[in-house]
Each structure stands twice: as structure tokens, then as C-alpha cells.
Amino acid sequence: MRRSTSKRKQFKRLIPLVLLTVALGACSTTNGSSTSTSSSSTSKTTTTKTSDYFTKRDQDASYDESKATKISLSGSSAKTSGSGAEVSGSTVTITKAGTYVLSGSSKNVQVVVKVGDQDKIQLVLNGVRMTGTDAAIVVENADKTFITLAKDSKNAISDSANHKNTDYDAAIYSKDDLTFNGSGSLTVEGNYGNAIESNDDLRITGGTYTIKGYKNALSANDAINIKDATMNLTATEDAIHADNDEDTSLGNFYIQSGKITIHAGDDGIHASNTAFIDGGTIKVEKSEEALEGKTVTINGGDLDLTANDDGINAADGSSSESAPGQATAGVSLTITGGKIKINAQGDGLDSNGDLTISGGEVYVDGPTNGGNGALDYDGNGTITGGIVVMVGSNGMAMGFGSNSKQASILANVSGSAGDKVTITDSSGKEILSYTAAKNFQSVLASSAAIKDGESYTITVNGQGTTATASLTTQNGNGMGGGPGGR
């Protein structure tokens, strides 16, 4: 979020423009895409257990319809068949643990779950269309509620911009844990506040979703965990918002698999604590900051991130944020695998603490203004593996620090959008090519094919710049094409 980085941005614009160099690795990239020649660069080092983030029941969308209570929606009311659900006017209240199958269309009908603290509820949506002034589904009390999208079903839920009950500020609102699963589809429009909101955990383990939020599309206080779902999220604020102001160990985001497309007015994905990406495909087509968390860890997946500000930002949004240029304790950005493509107007990779890359592929089209850089960190910046190619402005260009085990090159090289950057070794062998998405004045790259102390030529539009690879380029060591120092 901007509150955590604005003072650093202001401070950075006061720093004189500088130029650094850092090394470039073996891969082939054209038209913004890339192909790695090193299979180890994308290997995952994580041994994350699914059970750490999802229970077996979260992933079980089965139900016995013959034993379930039926709720048939019609106009401004509903009819029930079976026990545990009571209808009073336009309100359906569920009072007993069990499975409830909903079908039909309604206007201003509200389904309210109000059961015991240890009770679990399964709501099966089987061809449901609910519109209304207030939240359509409200969980006032339960241990956990599972919303299952029946196979091949199409479901739609929306509220209005004029809630009468403003406490339930979402189209689907839960005070307790909420899980979505199944193989049907669900469209949710939250026209008052959020589209889907949970005061505790929100888990999604299947289904196809189109979700629009006047504020956030998905919102939870404790955690948002996703696997095996296809999601198209649109929000005026954050598309995915996990934030807890009271407990700093909460406010977490995790994705294991699935496909998410995001259009956000603010953050694409925001986590006040941890943002952990183990896999999946994430495309942020519009955002201020595409991905933000206090600690950001990427172990796998395919990320394509577009941002008006930072692409990936590791920052502590609380009052504990350090002064500009000083590392904030507990803040980190770690990349061990996956493929990451970033187009950012602010910093491409930005950590207010440490930044570590040990695997994967990272491609950044960074800022064109000198007050930001393709790479930015306040603690230790370390690379020990993987492939990194970054192009951007040279005003705040940074390389990697003294703890790095893999050499890199950072050179003062200019080009325009669509220009091809080619890197060759001393024998003239091409080891990398990359087509820039916008104008740039610096090139930073690293891979296992780059050797410490060896010279490389970076060519753009027939103009060649020679740079020497180094393990330490943070302070401009081995820099080519301009003066060093920072």
C-alpha cells in the first residue's frame, strides 16, 4: 500500500542519479517472453503441505442431495423441504448443521446462517440467481460454512449500492470461516462494499468465478487461500485483500494452483502479513501495486504483473516501518522458483527489507522515470541462482550485494520500446536476447552462465557496451557504460 512506501519514494527522488552494473544470464527472450536454458532456474525448493492451507473438507465438494434440505427461491420469498431452515417473509434462517441445496431466482431474499459455534454448514448453489438491496448470504454464526457450486451450475449473486444494513458490507458476508468449492460457476457483484468478505479465513478450492467489488473483490481478516479455481477479479480498491490490524501474524495470502486475472484500482493482491505463491497463473492487468505483503515468497507459478507503482512490494504498512533507506525488520522478498514478468512504472522488485533470489526467472520492464528503479531494496540484496533480466531507468539503478554467489552485470545502456537487447560473451556467442516493452537506460541481468570477472557485450541498435561480471555490483563494481558509485 502507498502508505508504507511514500516516504521512501520522496527520499529517493532527492538522491542524485546514479549508475551501477550487474551480470546477465543464459536465456533467450523475444517480444517480452523468455525461454530458459537452465532447467534448475525454475525448480521449486518448497515442500509445502496442502494440509497447511486447506482441510480435506475444504476440497471435498460432494454431497448427498437425497438427505439435503432444499431451499427453492422464488421472487421475494422461498420454500423449504426438509429440516433446519425457517422462512419468515424474505428471510431464510438456517439453524441446524447440515447440507442445504439452493435453487431458483429471488429479489431481496436473504439467507442467514445462524448455528452453533461447532456446527458446519454446506450451502450448495445449483442454479441460483439472487439480487437484492443488502447481502444475499450472511453467516452470522457457525464453525465453518462451505459454499459448493454444483456441477455445471451457473449462479449469480449481487447486492445494491444502498445497503440498509451497513454492518454486512458485502454481497456474501461471513463472520466466520468461509470456503468455496465445487465445479460450477459463480458471478458476484458487490455494489456497496466488498463482493465476498470473511472476518476469518476465506478459502477457494474449485469453481469458476467472475467477481466485481465496489471496494475489494475478495476480503478476509485472517487468510485467503486459493487452489484449483479460475477467477476474474475486478475491484475499485484491492482485488484480493487480506488484512488484520489486530494480529500481525494474520492477514495472509496463499495460492497453490489455479488461474487468476485481476483488474484493480489499488493493489492487485494485498496481504498485511505474508503473501506466499506456490504455483498457479496470476495475471494482473491493472493495478497500482500488483503484489504486496510484509513478506513475499514466490516458490513457483507464472506471474504477469502490470503496475502503475511497484510491481512486487515487500513492506510493513504498520507504524514500525523504518526511516527511508533503512531496512525494516521482518520484511523480505524471496524468489526461489516460478516465472515472473513485471511491467512497473514504479520499482519493479521493491523490498523495504532483504531481497533474495535463488531460482526461477524474473523479467522486469521497470520505470522510465529516474526516481524509481527496476530493483530496489533497503537490506541485503542477494542472488544465488535463477535468471534475472531487468531494464529500466538509470537514476536509481541497483545491483546485488556482497552475499551473492551468482555473478551479474548492470550497465548503462539506453533503448526504446521494442528494441532488442542482445548479450554476447567474449567469443561473440549470444547468451541472451530480450525485447524491451518501453524505453530504458539500464540493463541488469544474472544467470548461472555468467562468470565472475569475465567481460560481456550488451548491444542495442548496433551500439555495444562492454561490462564485467561481478559477484558484488551493489556499489557499481564492474559497471560498464558510465561512472560507478551510489
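Buried here means under 20% relative accessible area, exposed means over 50%, and partly exposed is whatever falls in between, using a 1.4 Å probe and protein chains only. The structure is a predicted model, so local features need pLDDT of at least 70 and side-chain atom pairs count only at pLDDT 80 or more, while totals for chains, interfaces and linings use all residues. Residues are numbered from 1 along each chain as its sequence is written, and side-chain values use heavy atoms, with hydrogens and water left out.

On to the salt bridges, each a side-chain nitrogen of Lys or Arg within 4 Å of a carboxyl oxygen of Asp or Glu. By this rule the count is seven. One of them pairs Asp228 with Lys227, at 2.8 Å from N to O. Asp228 is partly exposed at 45% relative accessibility, whereas Lys227 is buried at 8%. Shared partners also join salt bridges into one network made up of Asp58, Lys144, Asp201 and Arg203.

Lys144 sits in strand β11 (residues 144-149) and Asp58 in the loop between β2 (33-36) and β3 (69-75), so the pair ties together parts that are 86 residues apart in sequence. Strands, like helices, are DSSP runs numbered from the N terminus (strands are E, at least two residues; helices are H or I, at least four). Both partners are tucked away: Lys144 counts as buried at 8% relative accessibility, and Asp58 is buried at 0%.

Glu140 and Lys114 make another salt bridge, at 3.3 Å from N to O. This pair, too, links distant parts of the chain, with Glu140 in strand β10 (residues 137-141) and Lys114 in strand β8 (residues 110-114), 26 residues apart. Glu140 is partly exposed at 24% relative accessible area, and Lys114 is partly exposed at 45%.

Next, a buried polar residue. Asn313 belongs to strand β31 (residues 312-314) and is buried, with a relative accessible area of 0%. Its side chain makes a polar contact with the side chain of Glu289 at 3.3 Å. Such a contact is a pair of N or O atoms within 3.5 Å; within protein, one must be able to donate a hydrogen and the other to accept it, and residues adjacent in sequence count only if both atoms are side-chain atoms.

As for the nonpolar interior, a core is a set of buried Ala, Val, Leu, Ile, Met, Phe, Trp, Tyr and Cys residues joined through side-chain atoms within 4.5 Å. The largest one has 90 residues, and Leu218, Ile226 and Leu349 have the most contacts inside it. Its largest share, five residues, comes from strand β9 (residues 120-131). Apart from this core lies another, of 23 residues, including Ile387, Val389, Val413 and Ala436. Leaving aside residues up to four places away in sequence, Leu218 touches a set of residues that includes Ile196, Leu202, Ile226, Met231 and His241, where contact means heavy atoms within 4.5 Å.

Finally, the sheet. Four strands make an open sheet in the order β42-β41-β44-β45, paired antiparallel; two strands pair if DSSP finds at least two bridges between them. The edge strands, β42 (430-435) and β45 (463-468), each pair on one side only. Strand β44 (residues 455-460) pairs with β45 in the antiparallel sense over six bridges, and Thr457 stands opposite Thr466 in β45.
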